[in-house]
Amino acid sequence: MSHMLIIGGGLAGGTAAEALREEGFDGDITIVAAEPHPPYQRPPLSKGYLAGGEGMDAVILHPTDWYAERAIRLVSGVAATSIDPAAHTVQLADGSGLHYDALLLATGATPRMIPLPGHELPGVMTLRRLDDSQRLAAELRDGGRRLVVIGAGWIGMEVAATARGFGNEVAILERGDVPLAAALGAEMGEVFRTLHREHGVDLRTSVAVERITGSDRADGVVVDGETLPADLVLIGVGAAPDTALAEAAGLDILNGVLTDAALRTSAPDVYAAGDVANPFHPVLQRHLRSEHWANALNAGKVAARAMLGMPASFDDIPYFYTDQYDLGMELSGYAPLMADAELVVRGDLAAREFIAFWVDAADSSGRGRVVAGMNVNVWDVNETVQALIRSGERVDAERLRDGDVPLDSLLP
Ligand code: FAD
């Protein structure tokens with residue numbers, strides 16, 4: 001009987017195990033997970049779970065019994081330490097070894113650290129794991145604390161919003177000119193700057209953080225010569241794909257574990273999915289790594305089919321969402337094509353109820369292709385936005401901007 005081995009108990013790994021059973025595989029399945037929890041998803045860790053409105057059931061994919069009932073073996077709290085692709089074996093930290101017929105690497109990503117003086121002090125945190133979210137909640141839940149967030153990225157901005165909800169003082173320190181500019185560009189980044197400022201966040205951009213102060217615990221952050229007092233410092237400067245195992249096993253790595261569109265790595269019978277993978281995107285015709293919930297979910301399913309020798313191609317349009325205060329947003333599109341695209345906004349930017357489109361390669365009549373779309377507090381349009389992107393249809397910018405023109409009518 002064959003053995004499907006999954007390393008990583010996040011969304012990609014957990015979903016892949018579920019999909020293997022749903023596709024009818026009745027052999028052995030093992031998930032080896034370094035964290036001492038059943039597979040779980042991370043978006044609630046900075047939002048509903050951190051805020052206290054959602055419990056563990058919103059975080060874990062399934063309770064432990066669910067895996068037992070499906071004969072999926074969970075080895076939790078144990079890391080895989082090495083892979084021998086030629087022998088098809090994996091060594092674990094508890095000294096045991098496992099043979100596999102197909103192996104999925106779903107090891108996710110690790111928060112980046114910046115070597116600021118003082119970063120190792122207690123009271124300086126990153127947020128990736130369930131345990132981080134629990135520690136953060138314990139610090140923030142009673143309000144009245146001073147949180148300094150270093151980095152105006154998604155996680156920092158979401159935690160800032162949640163922390164304000166508890167009545168904490170929050171400062172965000174960003175080296176770039178505009179928050180979220182790398183993801184959204186300057187104009188859309190400004191929407192988030194205004195949002196946070198209106199909610200009382202001291203958001204500072206174009207600043208240089210010099211060090212974190214404190215003797216036995218962080219008590220401040222020095223920025224451009226000024227010391228901001230802090231009870232807690234959150235470093236949110238992005239994450240790096242967790243490629244250590246793959247690298248040591250000799251797999252091809254470039255900004256993640258390189259795979260083809262079927263999520264096959266350079267080693268036979270070894271697949272990769274989720275944040276750790278850098279798959280070849282068949283539509284874009286280039287490798288595209290995403291660190292998003294939907295990517296982990298859908299790639300986990302595709303990887304399961306590929307592991308079973310079924311036809312499999314991962315060609316999703318990347319999709320991301322966020323919730324901050326009363327702003328909910330969905331973004332679909334190809335990040336590498338957004339930078340050079342023209343922004344077209346339909347709706348009310350000031351009221352934060354709009355859809356922004358990134359439109360590429362206008363022809364001589366000014367018609368270009370939608371490469372990304374972001375709906376902010378406008379709902380039930382994401383499928384149409386995705387259909388527009390997928391169609392590659394050239395659209396007239398004026399009609400795209402005009403809220404009286406039904407979006408559907410722009411589809412071919
Ligand atoms: P992970 O969820 O990181 O899981 C990988 C697991 O593998 C980890 O548990 C790790 O411990 C384990 N592992 C690593 N190495 C080993 C080893 N050697 N042996 C065994 N186990 C190992 N995305 C969105 O689209 N929208 C959001 O709103 C959003 N919010 C987020 C909020 C937070 C706080 C965070 C951290 C992420 C958020 N994301 C969001 C991103 C999304 O959660 C990730 O893209 C997703 O978790 C990736 O899933 P994954 O399974 O690839 O990796």
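Let's start at the ligand: one of its oxygen atoms sits 3.1 Å from a polar backbone atom of His292. Keep in mind, everyone, that this is a predicted model. Trp293 also takes part, with a polar backbone atom 3.0 Å from an oxygen atom of the ligand. What about a nitrogen atom of the ligand? A backbone N or O atom of Ala34 lies 3.0 Å from a nitrogen atom of the ligand.

Now the wider surroundings. How many residues surround the ligand? There are 36, and the closest are Glu35, Arg42, Lys47, Arg128 and Asp275.

Next, please look at two helices. Helix 1 covers residues 11–22 and helix 9 covers residues 293–307. Their axes are 7 Å apart, and the helices pack at an angle of about 40°. That angle is why we call helix 1 oblique to helix 9. The crossing of helix 1 with helix 9 is right-handed.

Which residues make the contact? Helix 1 brings Leu11, Ala12, Thr15, Ala16, Ala19 and Leu20. Helix 9 brings Trp293, Ala296, Leu297, Gly300, Lys301, Ala304 and Met307. Sorted by class, this contact has 10 nonpolar residues, two polar and one charged.

Methods
Residues numbered from 1 in each chain as written. Predicted model: local features only at pLDDT ≥ 70, side-chain atom pairs only at ≥ 80, totals over all residues. Heavy atoms only, no water. Axes fitted to C-alpha atoms, helices over the stretch in contact; angles between N-to-C directions. Helix = DSSP H or I, 4+ residues; strand = E, 2+ residues; numbered from the N terminus. Parallel < 35°, antiparallel > 145°, perpendicular 65-115°, else oblique. Left-handed = near helix turned anticlockwise from the far one by under 90°. Contact = heavy atoms within 4.5 Å. Nonpolar A, V, L, I, M, F, W, Y, C, P; charged D, E, K, R; others polar. Near = heavy atom within 4 Å. Polar contact = N/O pair within 3.5 Å; in protein donor to acceptor, adjacent residues only side chain to side chain.
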